[in-house]
Amino acid sequence: MRHRLLACALMLATAAPAAGFAQQPTVLKTTCDGGPSRPADPAAGAADLAGVWDFYLDVGGVPSFGLLAVGRLDGRYGGTLTPVRTAPVILRSLTVSDQTVRMVVGSAEGDVIFDGVLSGAADRMCGIVAYHGGQLLPMVAQRRSRPPPGPR
């Protein structure tokens with residue numbers, strides 16, 4: 001029986017990629033190029049930051065990973081930030097001015113502020129998180145590729 005379970009597990013593990021269950025890994029770059037400046041006005045062609053982002057936060061040498069989900073409602077950004085190890089928190093605001101990005105994330109202990117820069121391709125944000133008690137933590141967020149438009 002034990003050998004049968006092991007054989008089934010191996011069969012499923014090798015069949016999963018063929019069945020379309022495997023995804024290409026996201027490579028998180030830790031730098032943001034300056035790139036060309038973007039206008040601050042969305043009507044003038046500013047980058048749309050809505051989407052799903054992977055993030056990495058360096059907490060004193062201990063990596064913290066998670067997802068940042070950004071959406072627009074009534075012309076403003078909002079969403080959630082979900083670290084792997086803790087519960088989701090609310091993205092109160094996200095503002096972009098030229099290549100500068102500011103996020104305010106609400107938590108039970110108070111707001112946490114991210115100040116950073118947006119890459120020229122608008123696919124990465126790199127900066128510093130001002131955490132509770134004045135702790136400053138480096139953070140990088142990289143947008144996941146968007147699926148092509150059309151039927152699924």
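A122 is buried, its relative accessible area being 4%, where buried stands for under 20%, exposed for over 50% and partly exposed for what lies in between (1.4 Å probe, protein chains only). The structure is a predicted model, in which local features need pLDDT of at least 70 and side-chain atom pairs count only at pLDDT 80 or more, whereas totals for chains, interfaces and linings use all residues. Residues are numbered from 1 along each chain as its sequence is written, and side-chain values use heavy atoms, with hydrogens and water left out.

A122 sits in the loop between β6 and β7 (124–130), strands being DSSP runs of E with at least two residues, numbered from the N terminus. The phi of A122 is near 60°, a positive value in a residue other than glycine. Most residues other than glycine have a negative phi. D74 likewise has a positive phi, near 55°, and is not a glycine; D74 belongs to the loop between β2 and β3, and with a relative accessible area of 73% D74 is exposed.

## The barrel and its pairings

Eight strands form a closed barrel in the order β1-β2-β3-β4-β5-β6-β7-β8, with antiparallel pairing. From one strand to the next the twist averages 30°, as an angle on a scale from 0 to 180 degrees between the N-to-C directions of axes fitted to C-alpha atoms. Two strands are taken as paired if DSSP finds at least two bridges between them.

Strands β1 and β2 pair in the antiparallel sense over nine bridges, and D54 has L67 in β2 as its bridge partner. The hairpin of β1 and β2 has two residues between the strands, and within this hairpin G60 takes a positive phi near 60°. Strand β2 (residues 62–73) is joined in turn to strand β3 (residues 76–83) by eight bridges, the two running antiparallel, and L73 has R76 in β3 as its bridge partner.

Strand β1 also pairs with β8, again in the antiparallel sense, over five bridges, with A141 in β8 as the bridge partner of F55. Q142 lies in strand β8 as well and is buried at a relative accessible area of 12%. From C-alpha to C-alpha, Q142 and Y56 are 8.8 Å apart in space, although 86 residues separate them in sequence.

## The largest pocket

The largest pocket has a volume of about 450 Å³. Of the 23 residues in its lining, L57, L81, P83, T86 and Y131 are the closest to its centre. A pocket is here an open set of points on a 1 Å grid over the protein atoms alone, where a 1.4 Å probe fits and protein lies on both sides within 12 Å along at least five of seven lines, and lining residues have an atom within 4 Å of a point; the volume is the space filled by probe spheres set on the points.

At least two lining residues come from each of β1 (51–59), β3, β5 (100–106), β6 (112–118) and β8 (136–143). By class, the lining holds 16 nonpolar, five polar and two charged residues, with Ala, Val, Leu, Ile, Met, Phe, Trp, Tyr, Cys and Pro counted as nonpolar, Asp, Glu, Lys and Arg as charged, and the others, Gly among them, as polar.

## Salt bridges

A salt bridge is counted where a side-chain nitrogen of Lys or Arg comes within 4 Å of a carboxyl oxygen of Asp or Glu, and by this rule there are four. In one of them the side chains of R92 and D111 meet at 2.7 Å, N to O. R92 lies in strand β4 (residues 89–97) and D111 in the loop between β5 and β6, so this pair ties together parts that are 19 residues apart in sequence.

Another joins D115 to R102, with the closest N and O atoms 2.7 Å apart. Since D115 belongs to strand β6 and R102 to strand β5, the pair ties together parts that are 13 residues apart in sequence. A further salt bridge brings the side chains of R124 and D123 together at 3.4 Å, N to O.

The accessibility of the residues in these pairs is set out below.

| Residue | Relative accessibility | Class |
|---|---|---|
| R92 | 48% | partly exposed |
| D111 | 40% | partly exposed |
| D115 | 36% | partly exposed |
| R102 | 39% | partly exposed |
| R124 | 8% | buried |
| D123 | 26% | partly exposed |

Methods. Helix = DSSP H or I, 4+ residues; strand = E, 2+ residues; numbered from the N terminus.
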